[in-house]
Each structure stands twice: as C-alpha cells, then as structure tokens.
Amino acid sequence: MKTNQKDIPTKRISPVFKKVDSEHQQPLYRQVQEAIREAILDRSLRPDDALPAERELSSAFGVSRITIRKAIEGLVNEGVLDTHHGSGTFVRTRVEKNFAQLNSFSEEMTARGMVPGSTWLSRSSGSVRPEEVLTLRASPGTAVYRFSRVRLADDLPMSIEYVTILADCLPSIDAVDHSLYEALHKTGNRPVRALQRLSALILNEEKAKLLGASVGDAGLLAERIGFNKSGVAIEFSRSFYRGDTYDFVAELSISE
C-alpha cells in the first residue's frame, strides 16, 4: 500500500545509546541492532518514533555510518523498522507476521516493543463440533476448551481470536492467562508445527466494532491447525485481523 506523505510520522527522538564494544565477539552491526531492539522493548523508542539520523547514530555508537546502515537494513528486513525515502527511519507500526515462524501473539508483540494484552469474550468447555472432528482428527465426543478474546497491543485491538484446544492438553480451562502457548508449553503441548490458511474478507458490524474499525473495512482471516511434538493436532484457531494493521509475509524457495 502506498504511503501518503501526510501519513508519514514526524516524531523524532534521541534515546541514549551506549557505544559498542569493538572487542566483543558479536559483530558491531549486531550490537547496534540489539541496542535498538532493547530501546524498543524498554519503550525508549515507541511505534512511529523516528530514529536519529545516521550521523547521530554513528556518533552515539562509535561506529561507521556503513555499520549503522547495515544494522538498520537488517532491522527493516525483519519488520522491526520502516524506512521512508526522504523522511527517515521509524519504528514500525504495522505488524509484519511471518508465516514461516510459529510464534504466539504475545511473543510477536513483545519482540516489536509493544505490550500484549487481551479482552476476554468467553471461555467454555464442551466437545468437538462436527466440523472440528475432521480438523482436529478427533473422535466424536472428545472434550475441548474454547477461548475467545480480542488481542491487544499497547491497548489497541489487533485481532479477534477464537481457539479450540483439546482439553487433555491443559490442566484446566483457567490455565490460560495471558499466553495460550505459554500454558501449553508448561504441559509439553506447545505446537511445533502448524498448517495455516489466510483469506481476505470484509469486516461485518460485530467484528468491526471489536477491532475499532468501520463496517466494510478490509480484513484478514487466518485459520491455523497446530500440532504438538507428538504430531497430534491439538489446536484449531480462527483469527480476524484489520487489513490496515498487518502485513503477512512468507519466505519462498524453488522446489527441487
């Protein structure tokens, strides 16, 4: 999507960075990247904040502008920063979700310096529905837990999440607090592989209201089947996203 000049953020701040250690085994540009990530995590840099100019960063870190440029290019490629020609480099606002990485929502937001949160819609227990029998490859009558919530980042709605989990993968329905994957990790059932499908849609009144969007806005639906290390399908989730807050990416290669 093309960015209009008026939409480019202009807030520019100067966080305090320590000079890098030339004797450290980690390359200089990597040390610069870690320092910028830490500034985002500790909220010294926030979404839409502009980084100081290359010259200032070069002086702050005590490295060449070439090193600064390499560090920034790497963070741009990771989706942590955005570069606007003629305006500078900014902490990314849109979230770039990589299909090749099986991370939880909390992990993704924390890695981008945002505070993850949730507004719970419902928790319930029951048995698999007819359509879930095939999806989860479960027998009719298998017990499941269902979790519905709006996922937040810095208190802003990012997605609506509906998840069905096999009940024997969690000690109780109350085991899930902030992170579902963290609760599954504690029982050895965190998904290590998943099948995921992305579809475009138009947000209806209900979903638009929950996401702070307008009826008719573009949205995205991500459906995921997660498998634990034993190869058992234990998770089926449907997540609805605002189309203007997420970029979905995937690494592609030629099949031999």
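Where does D155 lie? I started my notebook with that one, and found D155 in the loop between β5 and β6. A reminder to myself before going on: this is a predicted model.

**Entry 1: the loop between β5 and β6**

I looked up the backbone of D155 and read a positive phi of about 70 degrees, although D155 is not a glycine. I noted this because most residues other than glycine have a negative phi. D154 is found in the loop between β5 and β6 too, and D154 has a positive phi of about 55 degrees, again without being a glycine.

D155 has a relative accessibility of 67%, so D155 counts as exposed. D154 comes to 21%, which makes D154 partly exposed.

**Entry 2: the chain as a whole**

I stepped back for an overview. The chain has seven helices and 10 strands. I took the extent of the C-alpha trace along its principal axes and got about 65 × 45 × 45 Å. Of the 256 residues, 44% count as buried.

How many of the 10 residues of β9 are buried? I found nine, so I describe this strand, residues 233–242, as mostly covered.

Next I looked for the pairing partners of β9. One is β6 (residues 156–166), which runs antiparallel to β9 and is joined to it by seven bridges. In this pair I160 stands opposite F240. Another is β8 (residues 218–227), also antiparallel to β9, with nine bridges. There I picked out F227, which stands opposite A233 in β9.

β8 and β9 form a hairpin, and I noted five residues between the two strands. In the turn, G231 has a positive phi of about 85 degrees.

While in β6 I also looked up I165, which is found in that strand. Its relative accessible area is 0%, so I165 is buried. I took one distance from here: I165 and A222 are 57 residues apart in sequence and 16 Å apart in space, C-alpha to C-alpha.

The volume of the largest cavity is about 240 Å³.

I then listed what surrounds the largest cavity. Its lining has 22 residues, and N103, F105, E161, R224 and S239 lie nearest its centre. The elements giving two or more residues to this lining are α4 (105–111), β5 (143–153), β6, α6 (180–186), β8 and β9.

Which element gives the largest share of that lining? The strand from my previous entry does: β9 supplies four residues. By class, I sorted the lining into seven nonpolar, eight polar and seven charged residues.

I turned to α3 (residues 65–78). This helix has 14 residues and reaches 20 Å from its first C-alpha to its last, close to the 20 Å expected at 1.5 Å a residue. Its buried residues are T67, I68, A71, I72, G74 and L75. The face of α3 turned away from the buried side carries I66 and N77, which are exposed.

I repeated the exercise on α2 (residues 54–61). Here L57, S58 and F61 are the buried residues. They cover an arc of only 105 degrees around the axis, which puts them on the same side of α2. On the other side, R55 and S59 are exposed.

**Entry 3: a second hairpin**

My last stop was β1 (residues 81–84) and β2 (residues 88–91). These strands run antiparallel and are joined by four bridges. The bridge partner of H84 in β2 is G88. β1 and β2 form a hairpin with three residues between them. G86, in the turn, has a positive phi of about 85 degrees.

Note on methods. Residues numbered from 1 in each chain as written. Predicted model: local features only at pLDDT ≥ 70, side-chain atom pairs only at ≥ 80, totals over all residues. Heavy atoms only, no water. Buried < 20%, exposed > 50% of the residue type's maximum accessible area, 1.4 Å probe, protein only. Pairing = 2+ DSSP bridges. 1 Å grid on protein atoms, 1.4 Å probe; cavity = no way out; pocket = protein on both sides within 12 Å on 5 of 7 lines; lining within 4 Å. Points joined across faces, edges and corners; volume = space filled by probe spheres on them. Nonpolar A, V, L, I, M, F, W, Y, C, P; charged D, E, K, R; others polar. Expected span 1.5 Å × (residues − 1). Arc of directions from axis to C-beta.
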